[in-house]
Amino acid sequence: MKKIIIILLSLFLLMSFAFSANAKSLKFAFMPGIADPFYFTMEKGAKAKAKELGVQLIVGEFPKAWGPEYQVPILKALVARGDIDLLFTAPTSTEALIPVLKEIHDSGIPVITVDTYIGDGDYSKPSKYSFPLSYIGTDNFLGGQTVAGALAIMLKGKGKVFLENTNPDTSSVINREKGFRAGLKIFPDMELVGVEYCLDVQETAAAQVSAALQKHPDLAAVFGVNVFSAQGAYQAVARSGLQGAVKIATWDATQTLIQALKKGEVDLILAQMPAEMGALCVEWGVKYLKEGAKIPRKVIPGFFIFTKDNVNDPEAQQYIYK
Amino acid sequence: MIGNQKARHIFLSLIRRWIFFFFAAEIVFFSITGTNYFSLKNLQNILLASTTVLLLATGETFVIITGGIDLSVGFVVGLSSVVCAKVMVDLEAAGLSQTLSISSGIIAALILGLLPGLVNGLLVANFRVPPFVATFGMYGIAYGSAEIICNNVPVHNLPTSVASMGHGYLFYWLPGKAFTFLSKPENLTRMELKDLISIIPNVTMITFLAIGVFAFILAKTKFGQHTYAIGGCTTAAERAGVNVKNHLIKVYMISSFFASLAGVMYVLRFITGRAPAGSARLLDAVVAVVIGGASLYGGTGTILGTVIGALIIGALEIGLVNLAIPTYNLHIAVGCILILAVLVDQFSPELVHRED
Amino acid sequence: MNAPDPSISLNLNPSRQSKVFGFVGRNWALLFLLFMMIIFSFLGKNFFGLKNFTIIVLGVTSLLLLASGETFVIISGGIDLSIGFIMGFVCVSSAIIMRDLHAAGYSQTVSIMAGSFIGLLLGLIPGLINGVLIAKLRVPPFIATLGMWGIANGLAWRLCEGFPIAFLPPRVRELGMAYIAYFSTKKGFSLFQKPVLTERSDILSLVKIIPLPVLLITIILLIFAFILSRTKFGQHTYSIGGSVDASIRAGINVPMHLIKVYVISSFFASCAGVLLVFKLDMGVHTQYTSSYELFAIAAVVIGGASLMGGQGSILGTVIGVLLIGTLNNGLMMMGLPIFYRYIAVGCILIIAVLIDQFFPELVHRE
C-alpha cells in the first residue's frame with residue numbers, strides 16, 4: 001500500500017513540473033448553452049476566427065439539456081484548468097450564473113456573455129452583475145415581436161395563430177414566446193389560439209400541430225420557436241395538404257429549414273447570426289487583452305428575415321447557418 | 001500452500017474493492033493527461049458537480065437494497081426546488097425577514113418532499129403495485145405539478161443571502177494573511193481574491209453530512225438490517241417479525257427525502273427553482289448505485305459503494321471536459337463502465353458477495 | 001401456466017356478477033379507452049372523426065412499435081431500456097446512408113432500400129449484445145440495457161451532432177406521407193394517388209384513408225401478435241416469464257430464447273427508427289427529453305402485462321399505447337395544458353395497476 005502511495009505522489013509531482021511551462025499563446029474558452037445547431041454554428045464561427053488570429057479555443061462540453069445544473073459543473077471544470085485567458089459563454093440562467101461568473105471574473109478571467117445574459121443584460125451601469133466585458137446577444141423578445149409583425153403583414157393582419165414551443169424553463173424560447181404575444185397584441189384581429197411544448201421531440205411537435213390543425217381548421221399560421229418544433233410543424237401542415245395556406249414562421253436558418261423555405265413549406269425564417277457572434281467574441285477578446293481596447297458593453301447583431309422572395313439573394317447567403 | 005492462499009486472499013479483496021482502484025486509476029489518468037485536474041479547486045468541483053447524483057443515489061440505494069426502484073426522484077428534485085424557491089420568494093415579498101423566509105422555504109420543501117415517497121410507499125407496500133410502475137406514475141405527476149406551480153418559468157428573485165449560502169465555503173484561507181470561517185475575509189483587492197483559497201463548499205458539507213447519517217443508519221442500526229433482510233427475502237423478513245409494509249413505506253420516504261434535499265441544494269447552488277432540475281440525473285443515480293455494487297435483485301449494496309460510484313461518474317464528466325473531449329464519449333464510456341461493473345460482479349459472485 | 005390468449009374473450013365464470021366484474025377487470029383499458037373517446041367526442045371540438053383518429057394513430061406510431069417489442073421482453077420477465085435510443089441511432093444512421101448514397105448519384109430506390117436495410121440490420125446489433133449479456137453473462141436486464149442506453153445515445157449523437165439529417169431522396173417524403181386511398185367530393189376515389197386540389201375547403205374535406213406507415217405497422221404487429229399468441233416461440237416466451245426453472249426443465253433453451261427476445265425488441269426499435277425517417281423526412285435523435293422507453297413500458301403495463309413476467313399481449317399493448325395517445329390528444333382538444341396531461345397519464349398508469357391488484361383472480365384467471 002505504502003509503495004503505491006509513494007508512486008502516486010511522485011507521479012503527481014512529475015506532472016506538476018511537466019505542465020508548468022508552455023509557450024504563451026492566448027487561450028479562450030467557449031461554454032455553450034445546450035447542444036443544438038445554433039451553438040454548433042457559433043462554435044464554428046468562433047473557431048474560424050480563432051484560427052485566423054492565432055488564438056487557441058477550448059470548447060466546453062455541450063450540455064445535454066438547458067439549465068444551470070448542466071452548465072455550471074462544465075463551466076467550473078473548464079476554468080479550473082487554470083490556463084484560460086478569456087471566457088465567453090451563453091448563461092443558461094439570468095440569476096444562477098451571476099455568482100459563478102463573478103467568481104471566474106474575480107479569479108482574473110474576463111467574461112463575455114453571448115446570446116444570453118445575466119441580470120437584465122445591461123452592464124453599462126454598476127450593479128452586482130455588471131462585471132462582464134460585453135453582452136453580444138440576441139434579443140429574443142424583440143425577435144418574437146418581429147416574427148409576429150412579419151406574420152401579421154403576411155396574413156394582412158388577420159387570422160388565428162398557433163405557437164409550437166420546445167421547453168418551458170428555457171429563457172430564450174420563453175422570451176420568444178413573450179415577444180410573439182406582445183407583437184400580436186398590436187393586431188386586434190390576430191388571435192393566438194394555443195401554445196404547446198414538444199420538449200424538442202420533433203415527432204411530438206408534429207402530433208401537436210396536427211391536433212391543433214384539427215381543432216382549428218381555419219388556422220392561418222404556426223410559429224415554431226426552434227428547429228425541431230418548426231420542422232414538426234411544417235411536416236404536420238404538409239401532411240394535411242395545406243402548405244402555403246397555413247403559414248409557418250420559424251427561428252434559426254439551418255440549411256434544412258432554408259431548403260424547406262425554398263420548397264414553400266416554410267414561409268418566414270428569422271436568422272440570428274451565431275457565427276458572427278462567435279467570431280466577434282474572439283476578435284474583441286483579442287483586442288481587449290492585447291491592446292487594452294475598450295469594447296462596447298452591449299451589442300445586438302440583429303436579425304435577418306428570410307422569405308421566399310429574398311432566399312436566393314447573394315447577400316442573404318451569409319446568414320444561413322453552416 | 002499458505003502463501004498461495006494469502007495471495008488468493010489479497011486477490012479476492014482487491015477484486016471486491018475494484019471500484020476503489022478504478023476510481024483511483026481514473027483520477028491518476030486524468031491528472032496525468034489533463035490540465036490542472038489534480039487541484040484542490042477541481043476536486044471540489046467534482047464533489048459539487050456530483051451533488052445531485054450523490055444525494056439521489058444515496059436514497060436510491062435504500063430502495064434498491066429492498067429490491068425496488070424509484071424513478072420519481074428525478075422530478076421530485078424539480079418539484080422540491082420549485083416549492084422551496086417559490087415559498088422563499090413569496091414570504092420575502094410578504095415582508096418576512098430573509099432568514100425566516102429561507103428557512104421556511106427549506107422546511108416546506110423537505111416536508112412536501114416526503115409526500116411523493118409516502119404515496120409511492122403506500123402503493124408499493126399496501127397495494128402491491130410494482131415499484132417501477134408506481135414511481136413512474138409519480139414521475140409524471142411530480143413533473144406536471146412542478147411545472148404548474150412555477151407556471152413554466154424558473155422561479156427568480158430569491159432572497160439575496162441564498163447565494164452567499166449556496167456559494168459559500170466552510171473555510172477561506174489567504175496564505176499568510178487571513179483564515180476565516182464561513183465568510184470571506186473582508187476588503188480584499190482583486191489580486192488577493194485571485195489567491196484566496198476556499199475550502200469545502202457548504203453544499204458539499206451538508207450533502208456528506210446527510211449521507212453520513214444515513215450510511216450509519218444503513219450499516220449499523222436495526223433499520224438497516226431490516227432493509228437488507230427485506231431485499232434478501234421478503235417472506236423470511238416477515239417471519240422474522242419485520243413489519244415489511246411499514247418498513248417499505250419508510251424506505252420510499254427516505255428516497256423521496258433525499259430527492260427533495262437535492263432540490264433544496266439545487267436552490268442554494270443555482271438560486272432558482274426549475275421543474276426539470278434533476279430529471280436527466282435520474283438514471284445516472286441508478287447507474288451510480290449499481291456501479292457501487294448493489295444488485296437490482298435486492299439485498300446487497302452499501303452507501304460507500306454508491307458514493308464511489310457517483311464520484312466515478314462525476315470525475316469522468318469533469319475529466320472529459322478538462323481534456324476537451326466531445327460529450328458523446330461520456331455516454332458511451334458510462335454505459336461501458338456500467339456493464340463492466342456488473343460483469344466483474346458476475347464473474348466472481350462468490351468472491352464478491354461473500355461476507356467478510 | 002398462462003396461455004398466450006389475448007384477454008378479450010369472456011370466460012365462463014360461475015355467477016353472472018363475477019362474470020361482469022371479470023370482464024371489466026380484464027378489459028378495463030379497452031373500456032376506459034372507449035369511455036374516453038365518448039367523453040372527448042362530446043367535450044372536445046372536432047375530436048370525433050376519421051381525420052382525428054388518423055392523427056392520434058400517426059402520433060404514436062413510434063410508441064406502438066417500441067411498446068410491442070417491449071411486450072416480448074416484459075413477458076419474458078425482463079426489461080429493455082435501450083429501445084428509445086436504439087430508435088434514434090437507427091433513424092440517424094439510416095438517414096445518413098440514404099442522404100450520402102443519393103448525393104453520390106445512386107438512384108432514389110437504391111439509396112432508400114440500402115438505407116432502410118442497413119438501418120434495420122444495424123439495429124439488431126444492440127439487441128444481440130443485450131441478449132448475450134443478459135442470457136449468457138447473467139447481467140440483469142435493467143443494467144445491460146441501461147448500459148446500451150448510454151452507448152446508443154452516444155453513438156447516435158456522435159453521428160448527427162445535434163443536427164437533423166436532411167436532404168434525403170424526395171421519394172422518402174412521398175412514401176412517408178402517402179395514404180392508401182383518397183376520396184374527394186370533386187375528384188372521386190383514388191388509390192395511392194393524391195388528387196390535386198387547390199381550394200382550402202376542398203383540401204380540408206379530402207378524406208384520406210389509412211396512412212402507409214400505419215398499414216406497415218399493422219402488418220408487422222399482426223405477424224408478431226401471431227407469433228406471440230399462436231406459435232411455440234410465443235408459448236416459450238410466456239413460460240420463461242412464468243418460471244425460468246420450469247422452462248429449463250421443460251427443455252427450452254432459455255439463453256437462446258432470451259437472446260432472440262432481445263433481438264426482437266431491438267428489431268422493433270429499428271423498425272421504429274427507419275419508419276421515423278420516412279415520417280419526418282429526416283433523421284433526428286432526441287436525447288433525454290423524449291423518454292420513449294419509459295412511455296413504452298408504461299403502455300405495456302397499462303395493456304395488462306406484469307413486470308414480473310408471464311403476462312401481456314400485443315393487443316393489450318396496442319390498447320395501452322392508444323390510451324396514452326387518445327388521452328393526450330383528447331385533453332389537448334379540450335384545451336387542458338400539457339402539464340396537466342402529464343399528471344393525468346401518471347394517475348392513469350397507477351390506476352391501471354391498482355385495478356389489476358383489486359381484481360387479481362378475476363383478471364388473471366384463465
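How far apart do the C-alpha centres of domain 1 of chain A and domain 2 of chain A lie? The separation is 30 Å. The legends below describe close-up views of a predicted model.

**View 1. Chain A and its two domains.** Chain A splits into domain 1 (24-138 + 274-302) and domain 2 (140-271). Domain 1 of chain A puts 6 residues in contact with 9 residues of domain 2 of chain A. On the domain 1 side of this contact, 3 residues are nonpolar, 3 are polar and none is charged. Chain A as a whole holds 10 helices and 12 strands. Its C-alpha atoms fill a box of roughly 75 × 50 × 40 Å along the principal axes. Of the 322 residues of chain A, 59% count as buried. Among chain A contacts between residues at least 6 apart in sequence, 73% join residues at least 24 apart.

**View 2. The parallel open sheet of chain A.** Six strands line up in the order 2-1-3-4-5-11, with parallel pairing, and the sheet is open. Strand 2 and strand 11 (298-299) of chain A stand at the edges. Each has a single partner strand, so one side of each lacks a neighbour in the sheet.

**View 3. Strands 1 and 2 of chain A, with the helix that links them.** Strand 1 (residues 27-31) and strand 2 (residues 56-59) of chain A run parallel and are joined by 4 bridges. Within this pair, A:Phe30 stands opposite A:Val59 in strand 2 of chain A. Together with helix 2 of chain A, the two strands form a β-α-β unit. The unit is right-handed.

View 4. Which strand of chain A pairs with strand 11 of chain A over 2 bridges? The partner is strand 5 (residues 134-137) of chain A, in the parallel sense. Here A:Tyr135 stands opposite A:Lys298 in strand 11 of chain A.

**View 5. Chain A against chain C.** This contact brings 30 residues of chain A to 32 residues of chain C. Five elements of chain A give two or more residues to its side: helix 2 (37-53), strand 7 (190-197), helix 7 (202-215), helix 8 (227-239) and helix 9 (255-262). Helix 7 of chain A provides the largest share, 8 residues. By class, the chain A side has 14 nonpolar, 9 polar and 7 charged residues.

**View 6. Chain C against chain B.** Chain C contributes 36 residues and chain B contributes 38 residues. On the chain C side, helix 7 (141-160), helix 14 (292-302) and helix 16 (338-358) each supply at least two residues. The largest share, 14 residues, comes from helix 7 of chain C. The chain C side divides into 28 nonpolar, 6 polar and 2 charged residues.

**View 7. The largest nonpolar core.** This core has 334 residues. Which members touch the most other members? They are B:Val290, B:Leu338, C:Leu66 and C:Met87. Domain 1 (24-138 + 274-302) and domain 2 (140-271) of chain A each give the core at least three residues.

**View 8. Around C:Leu66.** Leaving aside residues up to four places away in sequence, C:Leu66 touches C:Ile83, C:Gly84, C:Met87, C:Phe268, C:Ala269, C:Ala272, C:Tyr292 and C:Ala296. One of these, C:Met87, is also among the core members that touch the most others.

Key: Residues are numbered from 1 along each chain as its sequence is written. Chains are lettered from A and ligands numbered from 1 in the order in which they are written. This is a predicted model: local features need pLDDT of at least 70, side-chain atom pairs count only at pLDDT 80 or more; totals for chains, interfaces and linings use all residues. A residue is buried if 20 or more other C-beta atoms lie within 10 Å of its own, exposed if 12 or fewer, and partly exposed in between; C-beta atoms are placed from the backbone. Two residues are in contact if their C-beta atoms, placed from the backbone, lie within 7 Å. Ala, Val, Leu, Ile, Met, Phe, Trp, Tyr, Cys and Pro count as nonpolar, Asp, Glu, Lys and Arg as charged, and the others, Gly among them, as polar. Domain bounds come from an automatic or database domain assignment. A nonpolar core is a set of buried Ala, Val, Leu, Ile, Met, Phe, Trp, Tyr and Cys residues joined through C-beta atoms within 7 Å. Two strands pair if DSSP finds at least two bridges between them. A crossover is right-handed if, with the strands pointing away from the viewer, the path from the first strand over the helix to the second runs clockwise.
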